[in-house]
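Hi there,

Here is the structure I promised to pass on. My notes follow below it, and I hope they are handy for your work.

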Amino acid sequence: MLLAAPWRRSALSVLAPSSLVQMRFRQQPKASTFYALRIPSCSREYANSKKKRKKKQAADGADTAKSTNTAKSIEIGSQLLSEALNTTVDLAPKQPYKIGDGPTLSAEQEDLVSRAVEGRNIFYTGSAGCGKSTVLREIRDRLMGMDRIVHVLAPTGKVAMANRGTTTWSFAGWTPNTHKFTLSELKEFVPGQVLLDRFRNADTIILDEVSMVEAMHFDRLNEVMKAAYSPFNKRSTLPFGGTQIIVTGDFCQLPPVKPFSHCFECGSDLVPNRRQNTYKCPSTECGASYHDDDKWAFRSKAWDECNFEYVYLEKVHRQKDLEFVKLLQKYRLGLGMSDSELALLANCNKTTDSYAVRLFPTREEVRKVNDAEFRRINAPVQTYKCVDVFLWNEEEHPHLRGKATRNTDNSLKELKDHSFEIELNLKEGMQVLLLHNISISDRLVNGSQGVIIGFEPFENAPPDFEIRDEGLPVFWPEYDVNKRKISEFMMGCKEAEGWPIVRFANGITKTIYPICQSILYGDTRPYTLLGRIQLPLAAAWALTVHKSQGMTLDNAVVNVTRAFTDGQIYVALSRVRTLAGLKVEGDLASLKRFRGNQQVLRWLKEKFGQSIAVDE
Ligand SMILES: Nc1ncnc2c1ncn2[C@@H]1O[C@H](COP(=O)(O)OP(=O)(O)OP(=O)(O)O)[C@@H](O)[C@H]1O
């Protein structure tokens, strides 16, 4: 019985023997540093001796389901609900709609996971497709399965949503304006009790897409987490207040967006000098100056303090074709490519079938293509309105009240970066992209492409899914909340013909049902849940490169004309599995123009040496 099912816990995997290429470095202080604060490196021995959580709750799904504290805590407030309750939609479960699990980890990935669960500070990296996100999810699940309080953070909402995590901004209680504070103000700003508890109770932070995290941002986070302790407490001297830090990403991919907006010391708006690649603080008292080379997180003092173990995942899983892997690796590392290699990438005669998604550097280009293609299809529009769910553990997380704020269309403001559409418009014949892993074995994963070939009538395939799919205890205020939310969703799409049937590029045809993709909030269990119920599909004629980040695509046409930043073309090229699935179009001179960031490349070579070598 769906609703009475106890929450699941992911089983611990067998740890494989080590064949990992991993290195330990004690970082040398940087030659140049612009920040005033420098604190000696500290070891991580504290992490293992950390006291067990006091606020841990034994609550499980069955208990919470019986909770009587319902009226205040569940947010359902829409007219739709009362309508939905009166509908006669058949909700009898049919085939369970299984959310896909991750692949079996390779030996090097397993070894990395076991190091992480031992409590070490780790930076792990590798080329696009080596499994960084896959490993992140495994580390998160295993640590949470060990009752650790784990915060998965990311620099942008989109990446955070994909990992069911939160942004570094939201974790720290910041808005972009918060960086106008001086560093001391920022530290004083922390002592709201909620933030103090959050920082002090955090066992582990896993930070994804670190290439997009600006150095000063990383430093600020470090400083405010230390400031959660009195100066007499040893933890005030430990990096991130003694919380375990696991950082991942690929510095050859997307860089920080708008770095050096505010002075680290005094918070003033910095003045960029584009020719010299510098940013100057206009305050005469402060007068700090920053160089663009120092924008990377690995240039921060916090990075030095963390004293990371460095792990390089060598095996690429997204692509199997060695020639293509080498080609991508060369492009990633800015190694000169021969004309024939460039021609191979840019070969416009290659067959790209009708599923190919076009990747553009800018949003404007994407919108134009998708709108035009949608209009061209002569078929009725089927509309599916999302249902956003807020299951609030008010007693434990009163500070999350604000997360319930809604837009006029009833979507939650907090879910503005959710990859699922608020209102999804589909047509038969439309090219679509899957936004969720629904079956790893069938290779129907986030990024799989297909075409809608028809609609399955609703009555033949009622959805059967759980709002809470995390395997973790979620605040569950009412017994039949699942059923009601599904009914509410059904109401929102009752004019549509049915569930879309998609023929995927790999030949598999599958009816797509709604799912709830959720994020868990709160530092104590059972968690507060925010989720969006929707069909995990999006128009797929075109996507921005930024949106494609993290995806695995079967076929793509990469338009390089308006590429504007390092790493963008590499991200785009590395989305596809095979060379046969790739076509490059536009101003091909851009392929030569972006040769990787030299600062990053030097650093990578210094840290990983042979591990990143490409056989000539
Ligand atoms: N051990 C493995 N066995 C089989 N497939 C794997 C394995 N690890 C990862 N993959 C698959 O490889 C693809 C890329 O994995 P993932 O997205 O985790 O890589 P990534 O390093 O995060 O990529 P990117 O840097 O491009 O975001 C996914 O389809 C994933 O399922």
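In these notes, buried means under 20% relative accessible area, exposed over 50%, and partly exposed in between, using a 1.4 Å probe and protein chains only. Helices are DSSP runs (H or I, at least four residues), numbered from the N terminus.

This is a predicted model, so local features need pLDDT of at least 70 and side-chain atom pairs count only at pLDDT 80 or more, while totals for chains, interfaces and linings use all residues. Residues are numbered from 1 along each chain as its sequence is written, and side-chain values use heavy atoms, with hydrogens and water left out.

Let me begin with helix H15. Its buried residues include Val481, Arg484, Lys485, Glu488 and Phe489. Because 11 of its 12 residues are buried, H15 is largely enclosed by the rest of the structure.

- Thr134, through a polar side-chain atom, at 2.5 Å
- Arg575, through a polar side-chain atom, at 2.7 Å
- Cys130, through a backbone N or O atom, at 3.2 Å

The protein covers 86% of the 630 Å² of accessible area (Shrake-Rupley method, 1.4 Å probe) that the ligand has on its own.

Best wishes

Note on methods:
Helices (H or I, at least four residues) and strands (E, at least two) are DSSP runs, numbered from the N terminus. A polar contact is a pair of N or O atoms within 3.5 Å; within protein, one must be able to donate a hydrogen and the other to accept it, and residues adjacent in sequence count only if both atoms are side-chain atoms.
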